[in-house]
Amino acid sequence: MNVALAILAVAAGSQVQTAGKGPSELRTERFSAEIKIVRKVDYGYLAYLPAGYNAKRGERYPLMVFLHGSGERGTELSKAMVHGPLKEIGSPTFRQFPFVVIVPQCPEKEWWEPTGVNALVESCLRKYRVDRDRVYLTGLSMGGFGTWAAAAERPDLYAAIAPICGGLDPALAKPLANMPIWATHGDADTAVPISESQGIIDALRALGAKPRFDIIKGGGHDVWTPVYAGQEIYDWFLTHKRQKA
């Protein structure tokens with residue numbers, strides 16, 4: 001089953017059969033909210049539910065939110081699966097995740113709105129059986145910037161973040177000083193210079209924080225494919241729980 005057919009099957013109410021034990025489920029959803037009265041966000045999104053989610057009514061799952069890059073903006077939700085955790089949906093090698101995975105799509109010509117992303121996450125905390133202490137945020141390129149910005153606005157919401165080839169104004173570092181962070185950037189990236197990540201990482205370290213920063217030697221813009229295709233990022237997320245005030 002290819003990506004497009006997988007999306008159509010889910011839209012029709014079918015389940016996506018994966019290679020592990022029992023079926024996982026992928027749903028198409030939509031979230032709409034007025035942001036600070038003057039701005040409205042409207043995100044279509046994919047919701048991956050782990051195998052056993054519907055049967056294990058008493059269990060709460062970790063939540064992982066993935067923000068795509070600028071090339072995946074639009075209204076075709078299948079584009080949001082081109083990169084990232086759900087890339088292999090519908091393929092024989094598709095892995096099963098122990099997370100509820102939320103993959104929103106940013107509208108054409110827009111950028112990730114931090115307040116909107118956080119409002120979407122809040123809505124998912126209410127809608128799905130997830131553990132509020134295990135909410136993780138990751139994204140690439142435009143989504144890497146969105147990951148930094150959303151977490152800086154609501155550090156209380158996330159247990160850990162993993163921005164890839166993104167960045168943030170170093171002046172906004174303080175709210176993230178206690179956040180577990182794993183950033184990745186290629187030192188040969190010509191689309192988003194490594195200085196974008198380096199600036200915020202340096203600011204965090206100046207505050208005494210110890211973010212992980214993987215510099216990929218010779219790496220261009222796409223350093224995310226091996227990260228999401230591997231296992232380490234998912235295992236790393238699961239080692240962290242939200243630090244309560």
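Are Tyr 48 and Phe 97 buried or exposed? Select both: Tyr 48 is buried, and Phe 97 is buried as well (buried means under 20% relative accessible area, exposed over 50%, partly exposed in between, with a 1.4 Å probe and protein chains only).

The model is predicted, so local features need pLDDT of at least 70 and side-chain atom pairs count only at pLDDT 80 or more, while totals for chains, interfaces and linings use all residues. Residues are numbered from 1 along each chain as its sequence is written, and side-chain values use heavy atoms, without hydrogens and water.

**The aromatic rings**

The whole structure holds 11 aromatic pairs (rings of Phe, Tyr and Trp, the last by its six-membered ring, with centres within 6.5 Å; planes under 30 degrees apart are stacked, over 60 edge-to-face, the rest tilted). Tyr 48 and Phe 97 make an edge-to-face pair, 5.9 Å centre to centre with 85 degrees between the planes. Tyr 48 belongs to strand 2 (residues 39–49), and Phe 97, 49 residues apart from it, to the loop between strand 3 (61–67) and strand 4 (100–105). Strands are DSSP runs of E, at least two residues, numbered from the N terminus.

At Trp 182, show Arg 212, which lies over the ring face at 3.7 Å from the ring centre (CZ of Arg or NZ of Lys within 6 Å of the centre and within 35 degrees of the ring normal).

**Strand 4**

Now select strand 4, where six of six residues are buried. Val 100, Ile 102 and Pro 104 point one way, and Val 101, Val 103 and Gln 105 the other. Finally, show strand 3, which runs parallel to strand 4 and is joined to it by three bridges (pairing takes at least two DSSP bridges). Leu 63 stands opposite Val 100.

Definitions and conventions:
Helices (H or I, at least four residues) and strands (E, at least two) are DSSP runs, numbered from the N terminus.
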